[in-house]
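Let's take a walk through this protein, starting with the overall layout and ending with the parts to treat with care. Have the model open as you read.

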Amino acid sequence: MLKNLSKQIRDCYQQAEDCARKATAQTDPRLRQDYLNLEQRWLLLARSCDFTQRLTDFSNEVKRWKADELPIPYTCPGCGAKYQVVTVDAPADTQDDRVACRWCGSRFPPSEGATFLRYLPRSPEIRHKRGRESG
Ligand SMILES: [Zn+2]
């Protein structure tokens, strides 16, 4: 199933490319816009497939990790910030039920089954900025 998804993603990108090529070949601005719209749709579809695949990959990694009890490194898909994922049985506070990258705001999967996930930033910048800037 995963292989099919990768192929689907590739196909979507190929279709998008094809539409873009056709768009540039059009002299009629309306037709050109149609192809450009189509291109956008293919790109959107490709991205959503890509996201689904990443979630699936990540989900498998969490399962492996739970068996091994090892920390999982996680890289933000949006900005590449490094995180370390820890799991908690139940959230102590519900204030951060929306899990997102603190730098770029990309959404992360908040839980894996009954296990809630916490993302600890691993960027080296953090260490230097530890001192309080203002009270
Ligand atoms: Zn990010």
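Here is a tour of the fold, the sheet, the core and the confidence scores.

First, some housekeeping. Residues are numbered from 1 along each chain as its sequence is written. This is a predicted model, so local features need pLDDT of at least 70 and side-chain atom pairs count only at pLDDT 80 or more, while totals for chains, interfaces and linings use all residues. That score, pLDDT, is the predictor's confidence in each residue, from 0 to 100.

Now the layout. The protein has three helices and four strands, and along the sequence they come in the pattern α-α-β-β-β-β-α. Helices (H or I, at least four residues) and strands (E, at least two) are DSSP runs, numbered from the N terminus.

The four strands make an open sheet in the order E1-E2-E4-E3, with antiparallel pairing. At its edges sit E1 (72–75) and E3, each pairing on one side only. Two strands count as paired if DSSP finds at least two bridges between them. As a reminder, strands of a sheet pair through backbone hydrogen bonds, either parallel or antiparallel.

Zoom in on E4 (residues 115–121), which is joined to E2 (residues 82–88) by six bridges. Valine 86 stands opposite arginine 118 in E4, and valine 85 has tyrosine 119 as its bridge partner there. E3 (residues 111–112) is joined to E4 by two bridges, again antiparallel; here serine 111 is partnered with phenylalanine 116.

What makes up the largest nonpolar core? Six residues do: Tyr74, Cys76, Ala81, Tyr83, Leu117 and Tyr119. Such a core is a set of buried Ala, Val, Leu, Ile, Met, Phe, Trp, Tyr and Cys residues joined through C-beta atoms within 7 Å. Buried means that 20 or more other C-beta atoms lie within 10 Å of the residue's own, with C-beta atoms placed from the backbone. Buried residues make up 8% of the 135 residues in the protein.

Cysteine 76 is worth a click. Leaving aside neighbours within four places in sequence, cysteine 76 is in contact with Ala81, Tyr83, Cys101, Cys104 and Ser106, where contact means C-beta atoms, placed from the backbone, within 7 Å.

The protein averages a pLDDT of 79, and 76% of the residues score at least 70. Among the elements, helix H1 (residues 2–25) has the highest mean pLDDT (88) and helix H3 (residues 125–128) the lowest (48). Over residues 126–135, pLDDT stays under 50, and the model has one contact beyond four places in sequence for them. Where pLDDT is low, the predicted coordinates should not be read in detail.

Notes
A residue is buried if 20 or more other C-beta atoms lie within 10 Å of its own, exposed if 12 or fewer, and partly exposed in between; C-beta atoms are placed from the backbone. Two residues are in contact if their C-beta atoms, placed from the backbone, lie within 7 Å.
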